[in-house]
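Please prepare a briefing on the structure shown below, covering the contact between its chains, the makeup of one chain, and some selected side-chain contacts.

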Amino acid sequence: MSVHCIDWWRDERAFAAPAFDDASRWIATSIADRIRGTDAERTGVYVATGDAGVEASLALWREALEQGADFANPRAFPWTLASSLAGHIAATAGVRGPVYTLVGAQEAAAAAAAHAAADLERGRVDTAIVGGADMCGDVIRAAFIILRAGTAAPARNSARAGTGTDSAARAFGALIDALEAGSAVSITAPYEPDVTVQLAMVIESAN
Amino acid sequence: MSERIVVTGIGAVTPFGDGVDVLWQSLIGGHTAAREWDDLRAEGFRVTVACRVPGHGPDDATRGQRLGLAAAREAIACAGLPLSDTIAVCIGTTMGESVAFEQAAAGAPFRAGSAAANVFPRALADALHINGPVRAYATACAAGNYAVGAGADLIRSGAARAALVGGVEPFSRIAMVGFSRARAMTPDVCRPFDRNRAGMQLGEAAAFLVLERESDARARGAAPLAAIRALGLSCDAFHPTAPRPDGSGMAEAMRRALHEAGIAAGDVGWIAAHGSGTVASDAAEAMAIRATFGREQPPVSGLKGALGHSMGAATAVSAIAMTLTFRDRVLPPTATLLEIDPQLDLNVIAHVMPAPALRYALNCGYGFGGLNSALLMEAA
């Protein structure tokens with residue numbers, strides 16, 4: 001059984017800090033637009049990130065220190081969780097399948113892709129939204145691919161951004177480089193360890 | 001059916017103290033670890049009752065790593081597992097090393113890699129000299145179940161020979177502020193499924209299980225304690241913090257676990273419920289259980305009255321309780337329960353109950369973002 005990449009999206013954008021909620025909405029909306037019409041129950045979200053939740057955690061505790069623990073604004077609390085981005089993508093896109101957040105850089109990106117491919121392979125989902133996001137700093141960066149099992153739909157291009165492998169978003173950006181170069185439009189995924197290795201190889205070959 | 005993945009070791013550091021024995025005796029005894037904390041009162045928290053782990057040094061930026069290492073060492077010793085580079089480490093957490101964030105907000109130097117969720121599996125792998133796959137699951141309060149399911153999958157796929165899986169959650173003042181200001185916490189004691197339940201209570205814990213193929217375990221003379229059958233996952237896609245009121249997302253996770261394992265709802269003999277003690281979550285979970293099990297509803301326990309809510313570690317602690325339940329064939333009660341909410345129509349157990357024929361049990365955990373998990377375990 002093959003797992004096919006049918007679409008991808010990546011972009012980077014500057015936000016006025018702290019950007020945790022606005023940036024998540026931007027990413028979630030961008031992805032939701034690309035999966036309209038898929039079966040929500042049969043779609044999963046697999047996010048890798050090294051820093052989702054960090055800005056909100058710092059902002060909430062700074063406010064607690066300034067205002068007192070009993071007076072801090074709780075608005076930031078849901079965004080303190082690293083899973084907030086994946087949850088927001090799922091809510092915006094209406095996804096009701098598995099929703100993963102793996103924390104780290106390239107290794108988390110490969111693991112997220114492996115989970116997605118394994119779920120497709122085992123029939124747990126038909127569509128997988130897989131990607132990485134760097135959520136701290138002056139520029140928010142995100143790169144996502146959309147995978148499907150057992151189809152041969154043509155891949156489409158999207159925006160280009162920088163590549164590298166020191167973060168999950170850059171790792172997926174490098175994977176998209178390879179996809180755009182035509183070296184990995186179709187990803188063969190017999191089982192999880194092979195998928196991990198192959199995705200890692202694609203990422204490495206793009207750098 | 002693929003070969004069973006079995007539990008051969010367990011270890012835990014909980015508010016009852018170090019080790020699975022004190023955890024189990026406390027759960028069976030119907031005790032609660034909730035108590036008043038002077039430091040929280042002095043720091044101006046509205047809610048000052050919590051379930052925190054005694055000892056293990058101060059609340060500092062490496063506390064979670066210390067708790068995790070203590071629990072992991074107990075699990076590995078219990079399993080008698082020879083350490084090697086083909087052992088996976090999969091850890092779930094909600095807040096990561098929370099104190100590192102708190103110190104950074106106060107002006108201390110900060111590096112995300114020393115505070116975020118992946119600090120735990122990396123620290124444990126380094127300390128234990130394990131070089132296998134290392135994964136950090138930041139999937140809110142369902143994270144422990146995610147880690148257990150992922151470790152089992154890594155073994156099934158051949159990516160790892162064994163897996164150290166579980167959850168780590170050091171006490172988080174950020175979470176105290178967040179839950180308290182969101183008015184989700186009870187000032188009294190957490191009472192899951194009680195008519196007068198008033199909210200959740202924050203906890204702290206680290207819990208680990210060692211997983212192996214059954215044939216590998218038996219080949220080296222290790223006795224399986226329980227088996228991991230299937231993990232069902234779903235998402236509410238509804239609200240950042242609130243569950244779907246009809247519990248349909250939770251029920252879907254339960255159904256997916258049963259479907260993947262190929263067993264009927266009536267085969268499940270016990271549910272370790274999420275049971276956070278909030279009005280909305282417990283009501284939604286009750287609807288999910290009723291929708292999934294109908295008239296064959298098994299006994300239900302909510303362990304957060306005893307342990308508080310250790311967020312990303314909570315389902316890992318419950319998986320250990322489930323393992324011990326299979327061993328001793330008794331179901332732990334819902335500590336602190338005074339009067340079952342009759343509107344929930346649940347078979348909640350208030351006292352320890354014999355379960356001589358128990359074969360399957362379901363470990364449920366849900367988190368912010370509508371993340372739902374149900375881990376199906378089987379007797380050894």
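Which residue of chain B forms a salt bridge with Arg122(A)? The partner is Asp153(B), with the closest N and O atoms 3.3 Å apart, where a salt bridge is a side-chain nitrogen of Lys or Arg within 4 Å of a carboxyl oxygen of Asp or Glu. This is a predicted model, in which local features need pLDDT of at least 70 and side-chain atom pairs count only at pLDDT 80 or more, while totals for chains, interfaces and linings use all residues. Residues are numbered from 1 along each chain as its sequence is written, chains are lettered from A and ligands numbered from 1 in the order in which they are written, and side-chain values use heavy atoms, with hydrogens and water left out.

**Interface of chain B and chain A**

- Chain B brings 54 residues to the contact and chain A brings 45 residues, contact being defined as heavy atoms within 4.5 Å.
- About 3900 Å² is buried between chain B and chain A, and carbon and sulfur atoms give 64% of that area; buried area here is the accessible area (1.4 Å probe) that two parts lose on being put together, summed over both.
- The rule finds five salt bridges across the interface of chain B and chain A.
- It also finds 15 residue pairs in polar contact across the interface of chain B and chain A, both residues being at pLDDT 80 or more; a polar contact is a pair of N or O atoms within 3.5 Å, and within protein one must be able to donate a hydrogen and the other to accept it, with residues adjacent in sequence counting only if both atoms are side-chain atoms.
- On the side of chain B that touches chain A, at least two residues each come from helix 4 (98-105), strand 6 (134-137), helix 6 (143-157), helix 7 (173-181), strand 9 (226-235) and helix 9 (248-261) of chain B; helices (H or I, at least four residues) and strands (E, at least two) are DSSP runs, numbered from the N terminus.
- Helix 7 of chain B gives the most to this side, with eight residues.
- The residues of the side of chain B that touches chain A divide into 30 nonpolar, twelve polar and twelve charged, where Ala, Val, Leu, Ile, Met, Phe, Trp, Tyr, Cys and Pro count as nonpolar, Asp, Glu, Lys and Arg as charged, and the others, Gly among them, as polar.

**Makeup of chain A**

- Chain A holds six helices and six strands, and from the N terminus on its elements run β-α-β-α-α-β-α-β-β-α-β-α.
- Of the 207 residues in chain A, 60% are buried, which means under 20% relative accessible area, with exposed standing for over 50% and partly exposed for the values in between (1.4 Å probe, protein chains only).
- Among the contacts in chain A with a separation of 6 or more, 76% come from residues 24 or more positions apart.

**Salt bridges within chain B**

- Over all chains, a search of the whole structure finds 40 salt bridges.
- Arg195(B) and Glu339(B) meet in a salt bridge at 2.9 Å, N to O; Arg195(B) lies in the loop between helix 7 and strand 8 (205-213) and Glu339(B) in the loop between strand 12 (330-331) and strand 13 (353-354) of chain B, so the pair ties together parts that are 144 residues apart in sequence.
- Arg195(B) is partly exposed at 42% relative accessibility, and Glu339(B) is partly exposed at 37%.
- Asp341(B) and Arg197(B) form a salt bridge at 2.8 Å, N to O, and this pair links the loop between strand 12 and strand 13 with the loop between helix 7 and strand 8 of chain B, 144 residues apart.
- Asp341(B) is buried, with a relative accessible area of 9%, and Arg197(B) is buried at 8%.
- A network of salt bridges links Asp39(B), Glu43(B), Arg52(B), Asp59(B), Arg63(B), Arg173(B) and Glu204(B).

**Surroundings of Ser373(B)**

- Ser373(B) lies in strand 15 (residues 371-379) of chain B and counts as buried at 0% relative accessibility.
- The side chain of Ser373(B) makes a polar contact of 3.0 Å with the side chain of Asn145(B), and reaches the backbone oxygen of Gly365(B) at 2.8 Å.
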